[in-house]
Amino acid sequence: MKFLTVKPCRILIRGRTTTLLGISIPKPHPPLPLIIPNRLNLHAPPKRSHKSLFYSSWVQSSDFTSRWIRTSFSLVRSVAPNPRRFSTQIGLNGENSDGKARVVEKIDLDAVNREGVEESEHLEKGNGISGKESGVEEQAWKLLKESVVTYCGSPVGTLAANDPNDSLPLNYDQVFIRDFVPAALAFLLKGESEIVKNFLLNTLQLQSWEKTVDCFSPGQGLMPASFKVRTVALDEDKFEEVLDPDFGESAIGRVAPVDSGLWWIVVLRAYGKITGDLSLQERVDVQTGIKLILNLCLSDGFDMFPSLLVTDGSSMIDRRMGVHGHPLEIQALFYSALRSAREMLGLDEGSKNLVRAVTNRLSALSFHIREYYWIDKKKINEIYRYKTEEYSTEATNKFNIYPEQIPSWLMDWIPTEGGYLIGNLQPAHMDFRFFTLGNLWSIITSLGTPKQNKAILRLIDTKWDDLMGLMPVKICYPALESEEWRIITGSNPKNTPWSYHNGGSWPTLLWQFTLACLKMGREDLASKAIELAEKRVAVDRWPEYYDTKHEKASLLIWEEDYDLLENCVCSLSNSSRKRCSRSAAKSQILV
């Protein structure tokens, strides 16, 4: 009788393996007992190329999945945010999964609400799910733990999706860096930190690889978008587990994930804050990994702005949506990663120059976003009066914005007492769409001023129906429609108006929304959003994650840093070459 022999685990090498600046990476923590994930018996989403136009990111998890709040299969059916149209699943050629032409259907919203409540009641009665909070928590954790992925006997992350009926899941059977963030926070808050530690260390090992697409390699320090645990045969009866990452060479559009490294640093900080264990971030290999990410982000280029220049599809919005350039979401993540790294970097001689560069970039980025991305009625009136084609260091219209760019909907939509940070800023271009994640993360990280942060939440409150709809939270507003949709998205059938990344509803954004509300003392808005969601998904109460106590929330936010303001490298005066004084720098918080 032959026995299966599993050799020591290793990384699947596509190219030449390198070390981190000559430093060998220690092996991860000793393996935990093997956890074999079971498939969820849910109405899971179809494959990446066949997803329905309206869906719940709790079950379909290509971006920021909150698998830790998926407690029933009624979620998929209940999410249809502000639907103007609804379609069945579509195939690669625009047909349904059964090969027939796509059918557009009308939705009776009242009926949908009634159906959601009835189904929730049926689940509680028929499936033995208790209506009590403890029962819901228990079911949520059961589903989350069934999606756990193990590597050499140790948990290293959670699957992007768990569909037992999908024989070709594409990359949904992988662990995505960005998707694991909310799950990582859930595990940390519950005191189960081992999976997060293993995740951080194993993805760190993947960072050191040489990545190549068509004979070209990106900069060292890039983190993968995702990775998969594969079992490969060595010979007749010997196998071993390997980690097989995707750095974008297999992704749609072959786009490198800019946000992966930024989220990795954020999770690393959260691990130390919540567990109190700082030994992980003090390890030589971890410190080196942080520096590699920073060096990649802070490398010299042609850009005149402190914001990070990226291509379309390099973050949560992973396909063409007109977010190339300097999108707010990336800048907010970049800012939080810089602040986190500044906290965690060792104060040794070799880190001084890097810390100084991080501090300078933080102050410049903070000023840039607060001054040029902010929009309210006052700023709109200023733009209407802009002179164009100014050639001067004293120019008011520094980016040569033409007043005609202001969309017709904006002036009537924006409230008198509210405002927000625009989605993108480039020469002669302002993207006036409201992008939720970027604005919420700007509040959480104090990228916006206290006054701006309050105004953002005031706008959300005032425009609740537009930004929350029937299921919080809308990813952006308004949606691209008609000719604008065809030009900007390339007629993408997934990003049709009011679906997916084009104004669709993403309940997973509730954790960022709740965190922002807790920071700004607007628990009423967080409660309102949760109550709204509970009406549609009564079986999902999410008590441990959205009713977080203040002392826990404080570990995940960043307060205003006056040292950064003091070290400001920009000026609030008309002269762009005059250094800020401490007084002028502090005045930024009054913007």
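Reply: We'll take helix pairs, then a pocket, then some backbone details. Keep in mind that this is a predicted model.

Me: How are two packed helices described, in general?

Reply: By the angle between their axes and the distance between the axes.

Me: OK, α6 and α9. At what angle do their axes cross?

Reply: Roughly 45°. The axes come within 9 Å. Helix α6 covers residues 258–275, and α9 covers residues 328–344.

Me: What do we call that arrangement?

Reply: Oblique, because a crossing of roughly 45° makes α6 oblique to α9. The crossing is left-handed.

Me: Which residues meet there?

Reply: On the α6 side, V258, D259, L262, W263, I265, V266, L268, R269 and K273. On the α9 side, I330, L333, F334, S336, A337, S340, A341, E343 and M344.

Me: How many of those are nonpolar, polar and charged?

Reply: The contact of α6 with α9 has twelve nonpolar residues, two polar and four charged.

Me: Switch to α8. Which residues is that, and how does it pack on α10?

Reply: Helix α8 is 284–298. Helix α10 is residues 352–372. They pack at an angle of about 50°, and their axes are 11 Å apart.

Me: Oblique or perpendicular?

Reply: Oblique, so α8 and α10 get that label at about 50°. The crossing is left-handed.

Me: What makes the contact?

Reply: From α8, K291, L294, N295, C297 and L298. From α10, L354, A357, V358 and R361. Sorted by class, the contact of α8 with α10 has six nonpolar residues, one polar and two charged.

Me: How does α5 cross α8?

Reply: Their axes cross at roughly 55° and come within 10 Å. Helix α5 runs over residues 194–207. That angle makes α5 oblique to α8. Its crossing with α8 is left-handed.

Me: And which residues touch?

Reply: L201, L204 and Q207 of α5 meet D285, V286, G289, L292 and I293 of α8. The classes in the contact of α5 with α8 are five nonpolar, two polar and one charged.

Me: How many residues line it, and which lie nearest its centre?

Reply: The second largest pocket is lined by 37 residues. Nearest its centre lie V258, L296, L308, L309 and V310. V258 is also one of the α6 residues that meet α9.

Me: Which elements give two or more residues to that lining?

Reply: α6 and α8. The largest share, four residues, comes from α8.

Me: How does the lining divide by class?

Reply: The lining of the second largest pocket has 21 nonpolar residues, ten polar and six charged.

Me: Now the backbone. Where are the cis peptide bonds?

Reply: One joins P472 and V473, with omega about 5°. Another joins Y477 and P478, with omega about -10°.

Me: What loops are V473 and P478 in?

Reply: V473 is in the loop between α15 (464–467) and β14 (476–477). P478 is in the loop between β14 and α16 (482–489).

Me: Last one. What is the phi of E389?

Reply: Positive, about 55°, although E389 is not a glycine. E389 sits in the loop between α11 (377–384) and α12 (410–413).

How values were computed. Residues are numbered from 1 along each chain as its sequence is written. This is a predicted model: local features need pLDDT of at least 70, side-chain atom pairs count only at pLDDT 80 or more; totals for chains, interfaces and linings use all residues. Side-chain values use heavy atoms; hydrogens and water are left out. Axes are lines fitted to C-alpha atoms, for helices over the stretch in contact, and angles run from 0 to 180 degrees between N-to-C directions. Angles under 35 degrees count as roughly parallel, over 145 as roughly antiparallel, 65 to 115 as roughly perpendicular and the rest as oblique. A crossing is left-handed if the near helix is turned anticlockwise from the far one by less than a right angle, and right-handed if clockwise. Contact means heavy atoms within 4.5 Å. Ala, Val, Leu, Ile, Met, Phe, Trp, Tyr, Cys and Pro count as nonpolar, Asp, Glu, Lys and Arg as charged, and the others, Gly among them, as polar. On a 1 Å grid over the protein atoms alone, a cavity is a set of points where a 1.4 Å probe fits but cannot get out, and a pocket is an open set with protein on both sides within 12 Å along at least five of seven lines; lining residues have an atom within 4 Å of a point.
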